[in-house]
Amino acid sequence: MSHRDRIREQRENLPTFEYKHDLIEAIREYSILVIIGETGSGKTTQIPQYILEEMPEMKRIGVTQPRRIAAITVAKRVSEEQDVRLGSNIGYTIRFDDRTSSTTRLKYMTDGILLREATLDPYLTQYSVVVIDEAHERTLETDVLFGLLKETHKLRPDLKILIMSATLDVAKFSDFFDECPIFAIPGRTYPVQVIYPVDAPRINTLKSAFVDRAVEAAWSIHASEPEGDILVFLTGQNDIERACKAFEEKSRKANYKREIKFYEEVQHAVVYPLHASLETFDQKAVFELPRRGDRKVVFATNVAQTSVTIPGIRYVVDSGFVKEKSYDPNTGMDALLVTEISQAAAIQRAGRAGRTAPGKAFRLYNEDSFNQLLPNTIPEIQRSSLLGTVLSLKKLNIVDVLNFAFIDPPEETLVRNALKQLYLLEAIDEEGKITKLGDQMSYFPLSPALARVLISSAEEYKCSYEAVIIVSMLAGDLDLFRTPRIKDGEEEVNRAETCKLKLAHHTGDHMTYLNVWKEWKRNNKSKKWCKENYINAKVLDIAANVREQLMDVMDKLKLKIVHGPVIKRKLKSSSTGKIRTRRMGENDHGESADPVPILESFLTGYFTNIANKGAHRSVFSHYAPDEHLSTESSNNILSTTLVALHLHPLCSLSNNLDRNNLQFSELDWVMYSNITYTNKAVMKGVSKILWDWVKHGKGQERIKLLPSTRLNGEAQPKIEELDLEAENKIIQKENEKKEQEQ
Ligand code: ADP
Ligand code: MG
């Protein structure tokens, strides 16, 4: 059978295929439709293709995915099924990567991208059909899109809106969209036996042990169960890589000793990681069938729960954990936390084992723990800082954010906190209206705080060249330095440490990032250099890409890229006449960037992320300017019930701490980029600052003004009426112009 025939057969075997005709009819008839079906039934890949094939009158179809990796994989798969080049008729757009062209009819994208497009053009003029896929994931972006689409629907009744979801709890979506019809695609799944190992612990004791236990479980399945691939749910890049190594190690040893008698048909395990930071090229193999006699063992994040389907899975190992964004209203901080999953998620995970044949799901926790999990995952909007979201809404002239049509309205406190933070960042004024600065900030694909940094680095501190580099390095969520493991040998560990010390800047991480960037460039961006210096090359590649995009935005906003002032160090000692060695980050003339304006520009975004050193060694306390705001303690974004903060071990200041106590005694105030929680609160992206900078900064002024603003709801000004007709005309004119140009 030819490749094309095989693809056609696969497509025609999917549960959606039988309903192709009915689906098209329903889409023709209704402008809003909710579609539900089991994961793997063909919603994401097939339904948009049906529209493409059967409804030529539909111009562009936009399909959202909550995760970048899903948008890419799905677009690739569909272009293969349609036998077209990716980026032509079918393409994808994710942040920092646009693979579409003017002829693209089917565009997969992250929900964040469509959200941005909707804030720029509420009519979504370029689309005939918009599909909000994986709606059950309830990401913050998806939720806001729901609210916006309700408006768009009023403006453009001809736009087709499809909401696709995997779970059965969809009455909510239908209710939200004025009781629109629900199209249910019956699933075809096999029974899955859920197994709780006899010695399974309570889930709350698993947190530090689930990686090792997951590897054990996967291994015992491999060693004792017949044919079928294994899917293991872990939480992120780090634990997935660790698990892959551990499993491979076991596999090597077992093969060597021949101590286990495998089933005939599964002699050998092939291990695959699946997480967002993989190159797309590494991802492809996961979806291919294993060779005869091989068994695939996939260690994946939540992306494999409902977003992408890996063929052939018959065994699932569920760690019980997921990494998700969480917000602590007491501290005003956002963090990525490893948390327990919900029952709904555990059921979805188990279901992945029964797609093609009866399967087995092994949970690492006991049945009691399962019964005590939350029934459903809490929507992201109810656990995040909302800052970017509120800013987007402000940009749409929705002044009264507190009354926005959220499908599940976020806690009022959180909305108020977001309003306050945006006010402190000067993104909105005391009336709650977006400022020119806020408008500029909304163009950056960054958190409002980082966007604020870039603007002030260009306008006030004149060091945007350096700031853009550092922001680009912070934008990825990966560690820059690689740390060898103890078992790699002490020598290796020491060597890595020495490299890190050499590259470290005495003020901390921000300037260290700049040093690393400069040295990398000096070494022609070579992978070899990265390897030799224990640098994660991926971080620099991502940063280079991000930098390009940020430069474009800066250019569009007419923000100047300027080199900051330099500090000059004589390379020749005046007393001895000896040539000194060049320090990292210096050019050949002994010049290096002056850290002061750079760090000050970062403070314009992060003046609430500061801490000062307590009496204890290496423990910091979070700054809380309570005296100005004591009247509203519980709602106060700056008040802190916490917080003992620690330096991350990879932070360049930690190095100085260990090696040089002198430096530590000079360390008084620090600014940090974010906090992660392990068993304690740990600061990442940390640099020294001076209290003087904070005291005289604009932020301090705004903090004092905060109580006199009208951001507290009662005094909210009325929603400004959008002049829709006028706006419509402008858009029409623009479109006509565009058409003429083509
Ligand atoms: P749903 O959106 O309903 O979960 P999908 O449309 O994502 O379903 O997947 C339908 C089927 O297409 C899956 O069962 C899977 O077998 C197949 N499939 C999806 N992506 C790929 C891929 N990258 N390679 C091979 N098969 C794939
Ligand atoms: Mg899907």
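Biologist: Which element gives the most to the shell around ligand 1?
Modeller: Helix α3 does, with four residues. Helices (H or I, at least four residues) and strands (E, at least two) are DSSP runs, numbered from the N terminus. This is a predicted model: local features need pLDDT of at least 70, side-chain atom pairs count only at pLDDT 80 or more, and totals for chains, interfaces and linings use all residues. Residues are numbered from 1 along each chain as its sequence is written, while chains are lettered from A and ligands numbered from 1 in the order in which they are written.

Biologist: Which of the 15 residues around ligand 1 come nearest?
Modeller: G40, K43, T44, T45 and F287 do. A residue is near a molecule or strand if its C-beta atom, placed from the backbone, lies within 6 Å of it.

Biologist: And which elements give two or more residues to that shell?
Modeller: Those are α3 (43-54) and α4 (68-82).

Biologist: What is the shell around ligand 1 like by class?
Modeller: Ten polar, three nonpolar and two charged residues. Ala, Val, Leu, Ile, Met, Phe, Trp, Tyr, Cys and Pro count as nonpolar, Asp, Glu, Lys and Arg as charged, and the others, Gly among them, as polar.

Biologist: At what angle do α3 and α4 pack?
Modeller: About 50°, with their axes 10 Å apart. That makes α3 oblique to α4, because angles under 35 degrees count as roughly parallel, over 145 as roughly antiparallel, 65 to 115 as roughly perpendicular and the rest as oblique. Axes are lines fitted to C-alpha atoms, for helices over the stretch in contact, and angles run from 0 to 180 degrees between N-to-C directions.

Biologist: Which residues meet there, α3 to α4?
Modeller: T44, T45 and Q49 in α3 meet V74, R77, V78, E81 and Q82 in α4. By class, this contact of α3 with α4 has four polar, two nonpolar and two charged residues. Two residues are in contact if their C-beta atoms, placed from the backbone, lie within 7 Å.

Biologist: Sheets now. In what order do the eight strands run?
Modeller: β4-β3-β5-β2-β6-β7-β1-β8, in an open sheet with mixed pairing. The edge strands, β4 (97-99) and β8 (182-185), each pair on one side only. Two strands pair if DSSP finds at least two bridges between them.

Biologist: How many bridges join β6 to β7?
Modeller: Four; β6 (residues 129-132) and β7 (residues 160-165) run parallel. The partner of V129 in β7 is K160.

Biologist: Which strands of the sheet does α3 touch?
Modeller: α3 packs on β1 (32-37), β2 (61-65), β5 (106-110), β6 and β7, and its direction makes about 175° with that of β2. Helix α5 (residues 111-120) packs on this sheet too, touching β2, β3 (90-94) and β5, at about 100° to the direction of β5.

Biologist: What about the six strands? What is their pairing?
Modeller: Parallel, in an open sheet ordered β9-β16-β13-β10-β12-β11. β9 (192-195) and β11 (268-274) are at the edges with a single partner strand each, so one side of each is left without a neighbour in the sheet.

Biologist: Last one: how do the axes of α18 and α22 cross?
Modeller: At roughly 130°, and the axes of α18 (residues 464-475) and α22 (residues 537-556) come within 8 Å. That makes α18 oblique to α22. By class, the contact of α18 with α22 has eleven nonpolar, two polar and one charged residues.
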